[in-house]
Amino acid sequence: MKYIVVGLGSFGASLAAKLTEAGNEVIGIDTNMDRVDHYKEYISHTICMDATDEFTVAGLPLKDTDMVVVAIGEDKGASVMATALFKNLQVKKLISRSIDTLHEKVLHAIGVDEIVHPEEESAERWAKKLCLKGVVDSFELNDDYSIVEVSVPLKLHGKTIKDSNIREQYNLLVLTTIANTTERTIVGKVKNVTEVKGVANPNSVLNKDDLIVVYGANKDIKKFLKD
């Protein structure tokens, strides 16, 4: 896939480097030439430019880009302007970094697809989430093994964990399942509720709207998500 990462601070640079390492084509953008020079060995392409300048941004290969991540973490004004500009240019998917609560509300108003909270979520987790279709969250144990929370693939809907053959076919261990349901509050409003089902039971039936938490080698997780 092709990504544009705006802002090569600690989070943005780490995310761009990990996406590049995973085999994606990444354009890293920053206004600081020192950062651009420093990360050119780790990111597919690095450009020193102002992402709030419409003329300059319009010259980027936006139609060929699958996702834009605005990772600016210091200048809220620049973050909002860059986010609004990419949104106006109708990029396929737009993710932006939240700096504080008010900033997050502004990003929601602009209409970003997702919001990043670097204080709570690492670049490693986001790289895995962006690279592997279906991953909701992940926890990297080391370079080779992870625990990931993934959406139940449609092909497994209605099957029990035992009949899904996840262990036999992919060498992955299902740790638990998470059900997504809705319930009404006392004032009649509907809210989404997630219910962790505890230690996975081989006879538990998988639902396409639910999540499963699996443990295994990264190569096996990738195979499971791509099949």
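This report walks through a predicted model of one protein chain, from the whole fold down to single residues.

## The big picture

Let's start with the chain as a whole. It has 227 residues, and 39% of them are buried. Its secondary structure comes to 9 helices and 11 strands.

How much of the chain faces outward? As for the contacts between residues at least 6 apart in sequence, 56% join residues at least 24 apart.

Helix α1 has 12 residues and runs 16 Å from its first C-alpha to its last, close to the 16 Å expected at 1.5 Å a residue. Several of its residues are tucked away: F11, G12, A13, L15, A16, L19 and T20 are buried.

After α1 comes G23, with a positive phi near 100 degrees. Then look at N24, which sits in the loop between α1 (10–21) and β2 (25–30). Is N24 buried or exposed? With a relative accessible area of 11%, N24 is buried, because the cut-off for buried is under 20%. The side chain of N24 reaches the backbone nitrogen of M1 at 3.2 Å. A polar atom of that N24 side chain also lies 2.9 Å from the backbone oxygen of L19.

## S79 and its surroundings

Now move to helix α4 (residues 76–88), where you'll find S79. Its relative accessible area is 0%, so S79 counts as buried. Which residues does S79 touch, leaving aside its neighbours within four places in sequence? They are V70, I72, S96, R97 and H103. With H103 there is a polar contact too: the two side chains meet at 3.1 Å.

D100 caps the N-terminal end of helix α5 (residues 101–110), with a side-chain oxygen 2.8 Å from the backbone nitrogen of H103. Just after α5, G111 takes a positive phi of about 105 degrees.

D100 also forms a salt bridge with K76, at 2.8 Å from N to O. D100 lies in the loop between β5 (94–97) and α5, while K76 is in helix α4, so the pair ties together parts that are 24 residues apart in sequence. Both partners are partly exposed: D100 at 29% relative accessibility and K76 at 38%.

Side chains of opposite charge can pair when their charged atoms come close. In the whole structure, a search finds 5 salt bridges. One of them joins E114 and K93, at 3.2 Å from N to O. This pair links distant parts of the chain, with E114 in strand β6 (residues 114–116) and K93 in the loop between α4 and β5, 21 residues apart. E114 is partly exposed at 22%, and K93 is partly exposed at 27%.

Another salt bridge is formed by D220 and K219, whose closest N and O atoms are 3.4 Å apart. Here D220 is buried at 13% relative accessibility, whereas K219 is exposed at 62%.

## One last stop: D209

D209 is in the loop between β10 (190–199) and β11 (211–217). It is partly exposed, with a relative accessible area of 46%. How far is D209 from H157 in sequence and in space? They are 52 residues apart in sequence and 8.7 Å apart in space, C-alpha to C-alpha.

Note on methods. Residues numbered from 1 in each chain as written. Predicted model: local features only at pLDDT ≥ 70, side-chain atom pairs only at ≥ 80, totals over all residues. Heavy atoms only, no water. Helix = DSSP H or I, 4+ residues; strand = E, 2+ residues; numbered from the N terminus. Buried < 20%, exposed > 50% of the residue type's maximum accessible area, 1.4 Å probe, protein only. Contact = heavy atoms within 4.5 Å. Polar contact = N/O pair within 3.5 Å; in protein donor to acceptor, adjacent residues only side chain to side chain. Expected span 1.5 Å × (residues − 1). Salt bridge = Lys/Arg side-chain N within 4 Å of Asp/Glu carboxyl O.
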